Amino acid sequence: ITFIWGPPGTGKTETLARIALEHMLLDHSVLMVSYSNVSVDGAIARVRKISRQQKKYHKFVEPGIALRYGYPREKEVLNDANLTTYNYVINKRPDLLERRQVLLAEKRGINRQSAKYVHIEKELSEIRKSLQHEEKEAVRQAQFVATTVSKAIIDAVINEKKFDVVIFDEASMAYVPQIVFAASLASGHFVCVGDFRQLPPIVQSKDASVLNQDIFQYCKITTAVNNHLRYKWLCLLDVQRRMHPEIAEFISRNMYDNMLKTAPEMLKKTEPIALLAPIPNTPLGLVDLSGMLSV
């Protein structure tokens, strides 16, 4: 079990993608789950990008090896011919796609009570069932599967299978039972990626409950870090490549106990932005809004 603590801009998605790909080189099966669809999309898109860029991973670009299962939100993933299970299956079965389009065209303008309409609906239902069956079979055969934790919990094609490696992204936003469940699907390695100093799980009850904690609190990682102690399962990503050094320094000092560093090239990359309005030559501006009657 490994916990990866990644403050903003330190490359959590890049790290989890490379962990997945290195395991795939060892012929391990990998399940990547997260709390949100956007996070899942970002992870599989990064896996695809690195696979295309680096020769040793080129074989993982082949259709069906890495699949996004569920309901993607990002256009990059939605529009890829083979990255989602639906697109992958439909491109393998152009006959079903063509028949579906014909039936949908025929259905327009037909009385819903007519026998023909009922017959068309029945055939469309059969096509949907056939595609869903092939999607599930594609998931069973894929080496890398990315989906949300809620999908993993309710869908038997995921929750009845064991994976060599399970990676949980945005772990600090998930409920502890969700993460424990995801870990139960791993037969070899479980990797938990997140930042316990960003958004916690959303819970409306004020009662003391395990649901009011994130997994880092539950495993006493937060307590160890706050007391400047080492934790044997924890790895810190401590170099950021997203923001101006002055912004990162403010965050590091106030949120990360001065542990967050900045990559040398970030000053040159972000200085042109800092020169712009509304506060020229100032990377970070703090404005007191207490007199504006803002809620």
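1. Accessible areas here come from the Shrake-Rupley method with a 1.4 Å probe. On that basis the chain exposes about 16,800 Å² of surface, and 55% of that belongs to carbon and sulfur atoms. Keep in mind as you read on that this is a predicted model.

2. Some overall numbers to get your bearings. The C-alpha trace spans about 70 × 50 × 45 Å along its principal axes. The chain has 295 residues, and 41% of them count as buried. If you take the contacts with a separation of 6 or more, 66% come from residues 24 or more positions apart.

3. On charge, I see 39 positive and 32 negative side chains. The centres of the two sets lie 2 Å apart.

4. Now the fold elements: there are 13 helices and nine strands. Seven strands make up an open sheet in the order β3-β4-β2-β5-β6-β1-β7, with parallel pairing. At the edges sit β3 (66–68) and β7 (234–236), each of which pairs on one side only. From one strand to the next, the twist averages 20°. As a reminder, strands of a sheet pair through backbone hydrogen bonds, either parallel or antiparallel.

5. β3 and β4 are joined by three bridges in the parallel sense, and L67 has V145 as its bridge partner in β4. Next, β4 is linked to β2 (residues 30–34) by five bridges, again parallel. Here S34 is partnered with T148 of β4.

6. How many residues of β4 (residues 144–148) are buried? Five of its five are, so the strand is mostly covered by the under 20% relative accessible area cut-off. In a regular strand the side chains alternate between the two faces of the sheet. You can follow that along β4: F144, A146 and T148 point one way, V145 and T147 point the other way, and all are buried.

7. Carry on to β5 (residues 163–169), where six of the seven residues are buried and the strand is mostly covered. β2 and β5 pair in the parallel sense over five bridges, with M32 opposite I167 in β5. Another five bridges join β5 to β6 (residues 186–194), and those two strands run parallel as well.

8. S34 deserves a look of its own. This residue lies in strand β2. Is S34 buried or exposed? At 0% relative accessibility S34 counts as buried, because buried means under 20% relative accessible area. Leaving out residues up to four places away in sequence, S34 touches S39, V40, T147, T148, V149, F168, D169 and E170. T148, in that list, is also the bridge partner of S34 in β4.

9. Among the helices, I'd pick α4 (residues 85–92) to inspect. Its buried residues are T85, N87, Y88, V89 and I90. What covers the buried residues of α4? The cover includes strand β3 together with helices α3 (75–78), α5 (94–107) and α6 (115–141). For reading a helix like this by eye, an α-helix has 3.6 residues a turn, so residues three or four places apart point the same way.

10. H228 has a positive phi of about 60° although it is not a glycine. You'll find H228 in the loop between α11 (221–226) and β7. H228 has a relative accessible area of 66%, so it is exposed by the over 50% cut-off.

11. N281 sits in the segment after α13. With a relative accessible area of 59%, N281 is exposed.

12. Last one: where is the cis peptide bond? The bond joins A277 and P278, with omega of about 10°. P278 is in the segment after α13 (266–274), and N281 is found in the segment after α13 too.

Conventions. Residues are numbered from 1 along each chain as its sequence is written. This is a predicted model: local features need pLDDT of at least 70, side-chain atom pairs count only at pLDDT 80 or more; totals for chains, interfaces and linings use all residues. Side-chain values use heavy atoms; hydrogens and water are left out. Helices (H or I, at least four residues) and strands (E, at least two) are DSSP runs, numbered from the N terminus. Buried means under 20% relative accessible area, exposed over 50%, partly exposed in between (1.4 Å probe, protein chains only). Contact means heavy atoms within 4.5 Å. Lys and Arg count as positive and Asp and Glu as negative; His and the chain ends are not counted. The place of a charge is taken as NZ of Lys, CZ of Arg, CG of Asp or CD of Glu. Two strands pair if DSSP finds at least two bridges between them. Axes are lines fitted to C-alpha atoms, for helices over the stretch in contact, and angles run from 0 to 180 degrees between N-to-C directions.
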